[in-house]
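User: Can you walk me through this one? I'd like to start with what the words mean.

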Amino acid sequence: MTTIERAEVFVAGPGRNFVTLRITTSDGVTGLGDATLNGRELAVASYLRDHVVPLLIGRDPARIEDLWQYLYRGVYWRRGPVTMTAIAAVDTALWDIKGKVAGLPVHQLLGGRSRDGVTVYCHASGTDIPSLLDDVARFREAGYRAVRAQAAVPDVGGTYGVRKGTGIYEPANAALPEEQLWDTEAYLRFAPTYLTAVREEFGFDFHLLHDVHHRLTPIEAARFGKSVEDAQLFWMEDPTPAENQEAFRLIRQHTTTPIAVGEVLTSIWDVQHLITEQLIDYVRTTVVHAGGITHLRRIFDLAALYQVRTGSHGATDLSPITLAAAVQVDLTVPNFGIQEYMEHAEVTREVFPSGVTLSDGLLDVDDTPGLGVEYDEKAAARYPYDPKYLPVARRRDGSVHDW
Ligand code: EZ4
Ligand code: CO
């Protein structure tokens, strides 16, 4: 019988920090899984190295479902981002291996294509409205069919979602978290003006998205959603924190602006009521943080019953392994909505050579067996782990606000 012979955990910082699991079978086949949890990287690395890898050695790599159940139900402690990211890495690596053994890309194992390519949205941002409009123009010219728009709120330093200079947007920027000011009223007054300005400048023949990033209460989010209805957003993302799934009912009662939630949620139970009560329109759970391909498909199938579509998180703190896995899944799911996409830094792409391509606003993969992504261990060794944290938001009175 083929067995899992080795499982190695790599922590490296090519452009930003990534945790990578590589499983090798007794037949010499390797599979890759992303285990990156932004700002808590070493917790997942330890969970894998100290508690999961010893359980994998000698097991049958073909039994993906059984290993998922073993690592989830068999362990007593359930859910949570650290556990679910670790399980995701194992699950993703085993799908990669299964594809390589079968000689098929993972999307073929999942039932084959439902579409020609994966529609993505990109991140446009600006320090003010004119620079945001320039950025939207740049992405429209590059062929994107969907654009997320964020601009810095005047007199509120360092608004999330806004790129510094011309580089890549990277909010995890300091060895200890920076503290940034937040002002809800200033945001509520300003954000609708730039979303309207984008539509006035560029019209309606592309999708426009906006990320609220958990900054509003339910009634504030309802007010915001109403105020941007004329801009016809594809979605407003994370309008309020989702620990209380019931909170979304209030937003729903007041606005037809579609709602997307899920980038910090890690299991089907975290989105169960959001989906079954039809409180959201898009579920944003990902391969890496929601238990891998196996569990994500379960979430997406539940969502399909309620006409909730998918819109997976895809920021650059998810490694190119997750991006490749996301494309493999997105190609197949009947209720696919959209995929978030930010181009990785050149050094990241050097360490993770990937077959994912972007053309005409669509991502795609070829027929390379497995996920179609590699890990260059030697190149990675040149970029050591360097602790980096997301900022913390404080209100004008000094109290902590949701990031
Ligand atoms: O702040 O991925 O929609 N995308 C986002 C991201 C998140 C980071 C957090 O790790 O909200 O930019
Ligand atoms: Co977001």
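Analyst: First, a polar contact is a pair of N or O atoms within 3.5 Å; within protein, one must be able to donate a hydrogen and the other to accept it, and residues adjacent in sequence count only if both atoms are side-chain atoms. This is a predicted model, where local features need pLDDT of at least 70, side-chain atom pairs count only at pLDDT 80 or more, and totals for chains, interfaces and linings use all residues. Residues are numbered from 1 along each chain as written, chains are lettered from A and ligands numbered from 1 in written order, and side-chain values use heavy atoms, without hydrogens and water.

User: How far is an oxygen atom of ligand 1 from the side chain of Asn38?

Analyst: The distance is 2.8 Å, to an N or O atom of the Asn38 side chain. For His213, an N or O atom of the side chain is also 2.8 Å from a ligand 1 oxygen. Asp317 has a polar side-chain atom 2.6 Å from an oxygen of ligand 1.

User: New topic. Which residues coordinate the cobalt ion?

Analyst: Asp211 (OD), Glu237 (OE) and Glu263 (OE) coordinate the cobalt ion (ligand 2), at 2.0 to 2.2 Å. Donors are N, O and S atoms within 2.8 Å of the metal (3.2 Å for Na, K and Ca); water is not among the atoms, so sites may look incomplete.

User: How are those donors spaced in sequence?

Analyst: The spacing is D-x25-E-x25-E.
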